[in-house]
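Have a look at the sequence and the structure first, and then read on.

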Amino acid sequence: MTSVATAGAGNGLSPHKPTDHPPVQSGRIGVLLLNLGTPEGTDYWSMRRYLKEFLSDRRVIETSRLIWWPVLNFIILTRRPAAKGRDYASIWNTQRNESPLKTITRAQTEQLAAALAGVDGRIVVDWAMRYGHPAIEDRLKALQQQGCDRILLVPLYPQYAAATTATAMDHAFRALMKMRWQPAIRAVPPYYADPAYIGAVAASLKKHLAQLDFEPEVILASFHGTPKDCLLKGDPYYCQCHATWRLLREAMGLPEERFRMSFQSRFGKDEWLRPYTDETIIALARSGVKRLAVVTPGFAADCLETLEEIGVENAGYFRENGGEQYAAIPCLNDSPENGEMLRRIVLRELQGWI
């Protein structure tokens, strides 16, 4: 049997490969940003396909399939797509005909590629969504076809949760199981307490606060919620959110009474992580707080949960209960602060490969 030797990084296959060897690229390094996902449109069927994929994920809904399957297919997927479609339509990027999450994640990818362009010419930066398109499996294949035999996965979730980081990694590993020649894989660990992340969020928050025409009496850090049962089963998300909140509060130099935290986006009747964002905002307004700013440090990019839920729905709760001035602080998105943070974290995790 003829053997084929592979050369060192950057050199590709040995020139001594047999003449009938299939064409193959190698020696490049991939960086793949991973985000949650988005529907492809705001119509009923686009929303239904997205919600079915999302809510069928056992990492997201851990209820017994015997109970959950009929609830999902006969109740949720008949009612929820139309309502969620209207919500998405209110924030939709009509120019590109896509959700803001897709627009921003693409921009973050381009931003990181530009930042790494002068570091090592072998680096290829791409992006994928756990649900919807571009799919993780497709982009892993594309990176491999470009010669990436080493790939760094970058889940864009600062705090680890089974329903976010783990399901993205699951999907990547399932794709690898289908590959005959698997690339070497690394993954960026949760960066909830990373100085680069805390510094970026604090700098962005200070910048946006300086642009307001009022000074908030309270700043609320709202994180995406998860069922309390996830915490009891050992998910570290709750503790990592608290660490982020504490470090960010210290970076801002604010006491606890002026820098609060809460959890949003609960779904269903089970108890979720507390305190709840909507209840907290209503209570603040009723207690006499007139000026409030809400920051969402657990989200890498603005999306339905930040633009509509925080920017519109909860703003309404605040004003309906006596509040007057309200600001939803943008996520890091593709800001200079985000670019510097991702550059620092990715370069650190690529050490030994570049």
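How much accessible surface does the protein chain have, and what share of it belongs to carbon and sulfur atoms? The accessible surface comes to about 16700 Å², and 52% of it belongs to carbon and sulfur atoms. Accessible areas are taken by the Shrake-Rupley method with a 1.4 Å probe, and for residues only the protein chains shown count as cover.

A word on the source: this is a predicted model, in which local features need pLDDT of at least 70 and side-chain atom pairs count only at pLDDT 80 or more, while totals for chains, interfaces and linings use all residues. Residues are numbered from 1 along each chain as its sequence is written, and side-chain values use heavy atoms, with hydrogens and water left out.

**The chain as a whole**

The protein chain holds 11 helices and eight strands; these are DSSP runs numbered from the N terminus, helices being H or I with at least four residues and strands E with at least two. Along the principal axes, the C-alpha atoms fill a box of roughly 80 × 50 × 45 Å.

Of the 354 residues, 51% are buried, where buried means under 20% relative accessible area, exposed over 50%, and partly exposed in between (1.4 Å probe, protein chains only). Among contacts with a separation of 6 or more, 77% join residues 24 or more positions apart; a contact means heavy atoms within 4.5 Å.

**Two residues to look at**

Ile91 lies in helix α2 (residues 65–91). Ile91 counts as buried because its relative accessibility is 15%. Beyond its neighbours within four places in sequence, Ile91 is in contact with Pro100, Cys303, Leu304, Leu307 and Glu308. Pro18 is 73 residues from Ile91 in sequence and 55 Å away in space, C-alpha to C-alpha.

Asn321 sits in the loop between α10 (304–320) and β8 (325–328). With a relative accessible area of 19%, Asn321 is buried too. Its contacts, again leaving aside neighbours within four places, are Ile282, Ala285 and Arg286.

**A cavity and a pocket**

On a 1 Å grid over the protein atoms alone, a cavity is a set of points where a 1.4 Å probe fits but cannot get out, and a pocket is an open set with protein on both sides within 12 Å along at least five of seven lines; lining residues have an atom within 4 Å of a point. Points are joined across faces, edges and corners, and a volume is the space filled by probe spheres set on them.

The whole structure has one cavity of 30 Å³ or more.

| Space | Volume | Lining residues by class |
|---|---|---|
| Largest cavity | about 130 Å³ | 14 nonpolar, three polar, no charged |
| Second largest pocket | about 270 Å³ | five nonpolar, six polar, two charged |

In these classes, Ala, Val, Leu, Ile, Met, Phe, Trp, Tyr, Cys and Pro are nonpolar, Asp, Glu, Lys and Arg are charged, and the others, Gly among them, are polar.

Val201, Pro297, Phe299, Cys331 and Leu332 lie nearest the centre of the largest cavity. Helix α6 (195–210) and helix α11 (336–349) each supply at least two lining residues, and α6 gives the most, with four.

For the second largest pocket, the residues closest to the centre are Val24, Lys141, Gln144, Gln145 and Trp181. Here α4 provides the largest share of the lining, three residues.
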